[in-house]
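Please open the structure in your viewer and keep the sequence panel beside it.

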Amino acid sequence: MKYFLDSAKMDEIKEAYEYLGIDGVTTNPKHIMNSGKPFRTAIEDIAKWTQEQGFKDYNDFPVSVEINPHFMEAEDMLKMAREISKVSPCFVIKIPSVYGGLKAARILEKEGIRTNLTLVFSPAQAILPAKAGCLFVSPFIGWKETNGEDCKKYIQDIVDIYRNYGYYGKTQIIAAAIRTPKQIGDCAVAGCDIVTAGLDVFKDAIKHPYTDQGLKTFQDCWDNTVTE
Ligand code: E4P
């Protein structure tokens, strides 16, 4: 399973790539705002870094960049998507799962501009992006679980549907808004292609209280052994 970093902060992207070996980046308007930079500067900085790393295009290292979320008409979305896509060959255009978005995604994919249909909250919503040939679909996990839903079945259903109809691997499933190591495990068991999460979540996934307890036991043993 691939790991994408959900962030537009360059220090986090560099750290996650260098030390965790992340396979891509996803951004959204919230992450761009949190970077503290103007939209254009934030995406150009990421583009520059991908170039410095020698990534040729989205196959090497995809970076999802979301269009203006106020746009509802495909024409507006298409105009902005085409502009953004010129900034970097690594960019994948993130478009909301609304009717105009689906329309735009289908056209962009035919033009060779890859897309990520985002804000997906049901298995039915996940089917149309696959039929449109989107590179990615982003079902959100964290937001649903925060509101009391167990997402294990939700994500398994999407994986099963994709397997049933030959979409699996063509439109890659990014389990998004991942908040906990358990959610990472659940997505991996279900067969998700990718999880996207913040740096803290990936760091948490390295930890376990028993690891700390075991470490303490071994440290005490070490201190009570003649080691030289
Ligand atoms: C996914 O691609 C989104 O950027 C992301 O996971 C949205 O959720 P969050 O910003 O609340 O984590």
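**The whole protein**

The protein has 11 helices and eight strands; helices (H or I, at least four residues) and strands (E, at least two) are DSSP runs, numbered from the N terminus. Its radius of gyration is 19 Å, close to the 17 Å that the globule rule gives for 228 residues, so the protein is as compact as a globular protein of that length. Here the radius is taken over C-alpha atoms, and the rule is 2.2 Å times the number of residues to the power 0.38.

This is a predicted model, in which local features need pLDDT of at least 70, side-chain atom pairs count only at pLDDT 80 or more, and totals for chains, interfaces and linings use all residues. Residues are numbered from 1 along each chain as its sequence is written.

Of the 228 residues, 43% are buried. A residue counts as buried if 20 or more other C-beta atoms lie within 10 Å of its own, as exposed if 12 or fewer do, and as partly exposed in between, with C-beta atoms placed from the backbone.

**Strand 1 and its partners**

Select residues 2-6, which form strand 1, together with residues 194-197, which form strand 8. The two strands run parallel and are joined by four bridges; strands pair if DSSP finds at least two bridges between them. Within this pairing, F4 has T196 as its bridge partner.

**A residue of strand 8**

Select V195, which is found in strand 8. Is V195 buried or exposed? With 27 other C-beta atoms within 10 Å, V195 is buried. Leaving aside neighbours within four places in sequence, V195 is in contact (C-beta atoms, placed from the backbone, within 7 Å) with M1, Y3, A175, I178, I184 and C187.

**Around the ligand**

Which residues surround the ligand? Select D6, T26, N28, K30, T118, S138, G142, A176, A177 and T196; a residue is near a molecule if its C-beta atom, placed from the backbone, lies within 6 Å of it. This shell divides into two nonpolar, six polar and two charged residues. Ala, Val, Leu, Ile, Met, Phe, Trp, Tyr, Cys and Pro count as nonpolar, Asp, Glu, Lys and Arg as charged, and the others, Gly among them, as polar.

Remain with A177, which belongs to strand 7 (residues 172-178). Its phi is near 55 degrees, a positive value in a residue other than glycine. A177 is buried, with 24 other C-beta atoms within 10 Å.

**Two last selections**

Go to L119, in strand 5 (residues 115-120). The phi of L119 is near 60 degrees, again a positive value in a residue other than glycine. L119 counts as buried, with 20 C-beta neighbours inside 10 Å.

Finally, select K79 in helix 4 (residues 74-85). K79 counts as partly exposed because it has 15 C-beta neighbours inside 10 Å. From K79 to I67, 12 residues apart in sequence, the C-alpha to C-alpha distance is 9.8 Å.

Conventions:
Contact = placed C-beta atoms within 7 Å.
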